[in-house]
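Trainee: Could we go through a model together, one question at a time?

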Amino acid sequence: MLIPALSYAQDHTEMVKKIYDHQLTQSPVYENLRYLCKEIGPRLSGSPQAAAAVEYTRQLMMDYGFDTVYLQPVMVPHWVRGQKEITRVTNSDIKGAFELNSIALGNSVGTGAEGVHAEVIEVKSIEEVNKLGKAVAGKIVFYNGEMDPTKVNTFAAYGSAVVQRAYGASEAAKNGAKAVVIRSMTNRRDDIPHTGSLVYKPLMPKIPAVAISTNDADELSKLLAKQKGLKIYMETHCEMKEDILSYNVIGEIKGSQYPEEIITVGGHLDSWDVGEGAHDDGGGCMMSIEVGRTFIEMGIQPKRTLRVVMFMNEENGLRGGTEYARVAEEKGEKHIAALESDSGSFGPMGFSSMGKEEQRKKVQGWAKYFTPYHVWSFERVGSGADISPLESQGVFLMEMEPNPQKYFNYHHTNADTFEAVDKRELELGAATMTSMIYLIDQEGI
Ligand SMILES: [Zn+2]
């Protein structure tokens with residue numbers, strides 16, 4: 001009997017299940033993250049640990065049998081913290097002199113051994129500091145704008161509040177402030193200060209900046225409400241040194257049908273110099289390597305070229321992501337899609353994306369494959385920072401979206417350690433990323 005040939009779209013349900021099963025039973029991802037966090041540790045750009053992480057991930061991808069593994073040179077900023085920061089209230093009528101839990105912001109200049117001792121003035125935003133104008137001259141500006149707790153997407157709350165950390169120093173300096181103290185970027189009330197990068201505006205005086213814990217920010221605010229002329233002594237020893245040579249680490253598996261079409265997946269290998277850079281972004285790196293390893297281990301030959309990238313210097317410069325896109329353009333490479341994981345290693349919920357509407361619709365059409373794994377969010381618009389420079393080349397961009405509620409408990413702190421990552425959530429993340437890359441590879445985008 002002749003059966004008419006009908007061309008049905010291929011169903012990927014079974015393969016996606018195999019990928020999840022593989023990750024949940026045989027994945028080395030958690031042990032790889034342990035090595036990165038415990039044997040190498042925090043990996044600030046320019047540090048010996050960042051160099052060790054480059055070598056570790058290069059070796060890992062070679063051991064897993066990637067077709068090509070190479071380093072892409074990139075000059076990165078080299079900022080060092082120096083000895084522990086001091087931020088001290090010196091003249092409280094109620095508490096006398098006492099220390100605040102503080103940490104210098106990345107890229108900040110230091111006060112040096114002489115420190116800065118000045119009256120504190122509290123504001124909630126950059127607009128407020130601009131309204132005060134010269135009233136901030138000679139003072140330490142205390143930015144106490146909170147992350148909006150009503151924003152259930154904590155990344156949106158972060159995005160609104162973080163302008164104080166990024167630009168607050170220059171905005172205060174332009175009216176003569178001596179230094180700034182920033183409320184840490186978290187919804188939680190605790191004693192942990194959060195670092196993160198600041199950006200000095202050109203031609204503006206560079207003044208020192210620290211973050212204090214949310215408990216201390218609340219306390220300081222209460223004291224300021226009761227006492228005029230409250231003073232802080234701040235002492236930091238951080239400094240920006242000369243740029244230094246580092247690398248993006250790139251591992252490739254060549255496509256069998258369309259080798260010139262590149263699909264990139266990655267995270268950033270650098271981290272802050274406190275904690276172990278586990279959620280930010282060791283997990284994203286280790287999950288990305290898993291995508292390639294899983295293809296090889298399960299014998300899936302990609303149609304298109306799969307490229308796993310460990311980006312360097314996302315935290316205080318984005319030099320790695322910028323250089324990767326520049327080289328791609330210079331070589332005339334054809335990237336069809338790029339996926340990043342840089343929102344922590346919590347249980348995956350879905351993917352945000354940026355591209356043409358029909359591309360986003362196509363991805364949303366794959367939601368059915370993820371439903372059994374409680375992965376459901378495919379509507380949000382967004383991408384990762386490291387891959388964002390590829391946007392101008394018309395590349396379809398995606399970021400994995402884990403549950404965002406706990407991320408800012410750890411972000412840029414000494415609490416971002418291996419122990420803060422859950423093995424099963426990390427494995428589910430690796431399976432979710434691998435499945436998405438598998439679908440893009442099979443179906444195109
Ligand atoms: Zn990050």
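Trainee: Is glutamate 330 buried or exposed?
Mentor: Glutamate 330 counts as exposed, at 57% relative accessibility (buried is under 20%, exposed over 50% and partly exposed in between, with a 1.4 Å probe and protein chains only). This is a predicted model, where local features need pLDDT of at least 70 and side-chain atom pairs pLDDT 80 or more, while totals for chains, interfaces and linings use all residues. Residues are numbered from 1 along each chain as its sequence is written, and side-chain values use heavy atoms, without hydrogens and water.

Trainee: And which side chain does glutamate 330 meet in a salt bridge?
Mentor: Glutamate 330 meets arginine 326, at 2.9 Å from N to O (a salt bridge puts a side-chain nitrogen of Lys or Arg within 4 Å of a carboxyl oxygen of Asp or Glu). Arginine 326 is partly exposed, with a relative accessible area of 41%.

Trainee: How many salt bridges does the structure hold?
Mentor: The structure holds 30 salt bridges, and one of them joins lysine 334 to glutamate 261 at 3.4 Å, N to O.

Trainee: Is glutamate 261 buried or exposed?
Mentor: Glutamate 261 is buried, with a relative accessible area of 12%, whereas lysine 334 counts as partly exposed at 43%.

Trainee: New topic: which residues are linked with Lys84 in a network of salt bridges?
Mentor: Arg81, Glu85 and Asp273 are linked with Lys84 in that network. Within this group, glutamate 85 pairs with lysine 84, and their closest N and O atoms are 3.3 Å apart.
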